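Below is a note for a colleague who is coming to this structure for the first time. It is set out as numbered points, each of which can be read beside the sequence and the model.

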Amino acid sequence: MPIRAPGESNAVGPAAAPQPKPRQAYITVRGLSKKFKGATIYQDFSIDLPMGRFISVFGPNGCGKSTLINMISGLMPMDAGEVLYDGQKIRDTRISYVFQNYREALFPWVRAIDNIHYPLEVLGIDRKERRRRVERLLADFDVPFDLHAYPYTLSGGQQQTVSILRALVTDPEVLFLDEPFSALDYEMTLVMRERLQKIFMKTRTTTLLVSHDLEEAIQLADQVVLLTRRPTRVAEIVDVDLPWPRDLDVTTGEDFIALKRHCLERFWREVKRD
C-alpha cells in the first residue's frame, strides 16, 4: 500500500499533477565567463538582479557593460555560465532589445508604424490582432509625430522612440537598452529620459540599461550596478531610493547629488586601480 503524507486522502483516483517549482523573481547569473582574443572579460561572474525593476549598468571603459547584457539576453554566447529569468531559461522568456544605433535598427524602406508591427508579424500573429496590439500600445503613450512617415524623415529621438515602441509591442518580460541615447543631442536626450521613465512607470517591465552617463544611469534606475575593470566583477550595487518621476527637482536635489558623488567616487577608485 502506498505511503501517504499526513492529511493526504487515501481515496483511489488519478495521480495528482506535479506541483510547479516556486519561481524566483530574479534574473540569476551564475558562473559567467567570457574571453576575447585571449583577454579575460568575465571569469566566474555571478549576480542576482530583481525583476520588475529598472537596473542601470555603469563602469569603466572596456569593462564589458554591453558584453554583459548581450550575454544575458542571449545575443552573444557565453564561454561558460548560466542565466535564468525568474527560474526560466532564456528561450522561455520574452526579451526585447533596443540598440544604440537606431539608424541601423529600423527598416528605412517601411513606415514607422510598420516597423512597430514587424515583431508581431515575425511571431505569426494575424493582421487584425497585430493592429489591435499596436493600437493598444499607442493608446498608452503620447507619440507626438507621424508614425506613417518613413524612418529617414524622422529625427534621431523620433526614430529611437519607434525602436522602443517596437521593442515593447511584444509585451516583453525583460527590456534591454544598450546606450540608447548616446547618439542624440543633449536636449533630445533629456526628452527621451523623461519618455522612458513614463514608459517604465506605466509598464513596470524589467529593464536593463547600459549607460556611459552616470547621471542618466542614476536618474533612470532603481539600482545601479557599478562594475570594475577587467576581469570584471561587481564593485557595488547602489540602491536609488528616489521618487518617480525623476524630474529637475529630483535630479538637482541633495539626495540625487549625494548618490552621484558616491557612485563617482567608486568609479574613480576603479579607474585608477592598476
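1. A cut-off is needed before anything else: a residue is called buried when its relative accessible area is under 20%, exposed when that value is over 50%, and partly exposed in between. The model is predicted, and the words buried and partly exposed are used below in this sense.

2. On the overall picture, the protein chain contains nine helices and nine strands, and its C-alpha trace spans about 75 × 55 × 45 Å along the principal axes. Of the 274 residues in the protein chain, 46% are buried. The accessible surface of the protein chain amounts to about 15,200 Å², and carbon and sulfur atoms hold 51% of that surface.

3. The protein chain carries 37 positive and 37 negative side chains, and 5 Å separates the centres of the two sets.

4. Which residues lie nearest the centre of the largest pocket? They are Ile-95, Ser-96, Tyr-97, Pro-119 and Ala-167, out of 19 residues that line the largest pocket, whose volume is about 450 Å³. Strand 5 (95-98), helix 3 (112-122) and helix 5 (156-168) are the elements that give two or more residues to this lining, and strand 5 gives the most, with four residues.

5. Thr-170 and Leu-123 are 47 residues apart in sequence, yet their C-alpha atoms are 9.1 Å apart in space.

6. Asp-171, with a phi of about 55°, is found in the loop between helix 5 and strand 6 (174-178), and Asp-171 counts as partly exposed because its relative accessibility is 49%. Glu-179, with a phi of about 45°, is found in the loop between strand 6 and helix 6 (186-203), and Glu-179 counts as buried because its relative accessibility is 16%.

7. In helix 3, the reader may wish to look at His-117, which counts as buried because its relative accessibility is 15%. Leaving aside neighbours within four places in sequence, His-117 is in contact with Arg-130, Arg-131 and Val-134.

8. Helix 1 (residues 65-72) is mostly covered, since seven of its eight residues are buried, namely Lys-65, Thr-67, Leu-68, Ile-69, Asn-70, Met-71 and Ile-72. After helix 1 comes Gly-74, which has a positive phi near 90°.

9. One joins Arg-230 and Pro-231, with omega about -10°, and Pro-231 lies in the loop between strand 8 (223-227) and strand 9 (234-239). Another runs from Trp-244 to Pro-245, with omega near -5°, and Pro-245 is found in the loop between strand 9 and helix 8 (248-251).

10. Finally, what does Leu-259 contact beyond its neighbours within four places in sequence? Leu-259, placed in helix 9 (residues 254-271), is in contact with Ile-218, Val-238, Asp-239, Val-240 and Leu-242; of these partners, Val-238 and Asp-239 fall within the residue range of strand 9 (234-239). Leu-259 counts as buried because its relative accessibility is 16%, and its C-alpha atom is separated by 9.6 Å from that of Asp-241, which is 18 residues away along the chain.

Note on methods. Residues are numbered from 1 along each chain as its sequence is written. This is a predicted model: local features need pLDDT of at least 70, side-chain atom pairs count only at pLDDT 80 or more; totals for chains, interfaces and linings use all residues. Side-chain values use heavy atoms; hydrogens and water are left out. Buried means under 20% relative accessible area, exposed over 50%, partly exposed in between (1.4 Å probe, protein chains only). Accessible areas come from the Shrake-Rupley method with a 1.4 Å probe; for residues, only the protein chains shown count as cover. Lys and Arg count as positive and Asp and Glu as negative; His and the chain ends are not counted. The place of a charge is taken as NZ of Lys, CZ of Arg, CG of Asp or CD of Glu. On a 1 Å grid over the protein atoms alone, a cavity is a set of points where a 1.4 Å probe fits but cannot get out, and a pocket is an open set with protein on both sides within 12 Å along at least five of seven lines; lining residues have an atom within 4 Å of a point. Grid points are joined across faces, edges and corners, and a volume is the space filled by probe spheres set on the points. Contact means heavy atoms within 4.5 Å.
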